[in-house]
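Keep the structure open and look up each residue as you go.

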Amino acid sequence: MPAEIVDVDVAEARRRIESGARLFDVREQGEWDEVHAEAATLVPMSELVARWKEIDGGDQPAIIVCHSGGRSARVVAALEQSGVPAVNLVGGMVAWEQSGAPVVRDAQGEPRHEH
């Protein structure tokens, strides 16, 4: 029987992060580079099989985020089946940004100096 996915909203995720929970972003590098939650650690979904043991929420379930909540829900289900406690950030980075939570954004419009 599949594990039940627990969803948390941005306010709850931020409370959990302040209490020591870790936030993991499962989007790909390009999405991360555009914008990501200040508190997040990048573990792309494409690398999950190789890196799933890195996702450790410590004393609390890990919080998993993607763009809008679909990929992160699948990752949470897979982690739970593997015995890694995790919760899904419902609404993903879209909801995170809309709430005004801290983000790191790519310097858009700035010239890139490549040598």
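1. Let's start with the helix α1, residues 10-18. Val10, Ala13 and Arg16 are buried in this helix. Looking down the axis of α1, you'll see those buried residues fall within an arc of 125 degrees, so they line one face of the helix. What sits over them? The cover for the buried residues of α1 includes β1 (7-8), β5 (62-65), β6 (86-89) and α5 (92-98).

2. Now check the two ends of α1. At its start, aspartate 9 has a side-chain oxygen that comes to within 3.3 Å of the backbone nitrogen of alanine 11. Past the helix comes glycine 20, and its phi is positive, near 110 degrees.

3. The mean pLDDT of the protein chain is 89, and 89% of its residues reach 70 or more. Among the helices and strands, confidence is lowest in helix α3 (residues 48-51), with a mean of 90, and highest in β1, at 98. The stretch to be careful with is residues 109-115, where pLDDT stays under 50 and the model has 1 contact beyond four places in sequence. Where pLDDT is low, the predicted coordinates should not be read in detail.

4. Next, the overall layout. The protein chain has 5 helices and 7 strands. Reading from the N terminus, the elements go β-α-β-α-β-β-α-β-α-β-α-β. Of the 115 residues in the chain, 36% are buried. Take contacts between residues at least 6 apart in sequence: 64% of them join residues at least 24 apart.

5. You can trace the pairings one at a time. β1 and β6 run parallel and pair over 2 bridges, with valine 8 partnered by leucine 89 in β6. β5 and β6 are joined by 3 bridges, also in parallel, and here isoleucine 63 has valine 87 of β6 as its bridge partner.

6. Which residues have the most contacts inside the largest nonpolar core? They are Leu23, Ile63, Leu89 and Trp96, in a core of 17 residues. At least two residues of this core come from each of α1, β3 (35-37), β4 (40-42), β5, β6 and α5. Apart from that core lies another one, of 13 residues, with Phe24, Ile64, Cys66 and Ala86 among them.

7. Leucine 89 deserves a click of its own. Leaving out residues up to four places away in sequence, leucine 89 touches several residues, including Val8, Val10, Ala13, Ile63 and Trp96.

8. My last stop is arginine 27, in the loop between β2 (23-25) and α2 (29-34). Is arginine 27 buried or exposed? It has 3% relative accessibility, so it counts as buried. A polar contact of 2.8 Å links it to the side chain of aspartate 25. The side chain of arginine 27 also reaches the backbone oxygen of valine 35 at 2.6 Å, and one of its polar atoms lies 3.4 Å from the backbone oxygen of glutamate 31.

9. Arginine 27 and cysteine 66 are 39 residues apart in sequence, yet their C-alpha atoms are 5.2 Å apart in space. Not counting residues up to four places away, the contacts of arginine 27 include Trp32, His36, Leu42, Cys66, Arg71 and Met93.

Conventions
Residues are numbered from 1 along each chain as its sequence is written. This is a predicted model: local features need pLDDT of at least 70, side-chain atom pairs count only at pLDDT 80 or more; totals for chains, interfaces and linings use all residues. Side-chain values use heavy atoms; hydrogens and water are left out. Buried means under 20% relative accessible area, exposed over 50%, partly exposed in between (1.4 Å probe, protein chains only). Helices (H or I, at least four residues) and strands (E, at least two) are DSSP runs, numbered from the N terminus. The arc is that of the directions from the helix axis to the C-beta atoms. Contact means heavy atoms within 4.5 Å. A polar contact is a pair of N or O atoms within 3.5 Å; within protein, one must be able to donate a hydrogen and the other to accept it, and residues adjacent in sequence count only if both atoms are side-chain atoms. A nonpolar core is a set of buried Ala, Val, Leu, Ile, Met, Phe, Trp, Tyr and Cys residues joined through side-chain atoms within 4.5 Å. pLDDT is the predictor's confidence in each residue, from 0 to 100. Two strands pair if DSSP finds at least two bridges between them.
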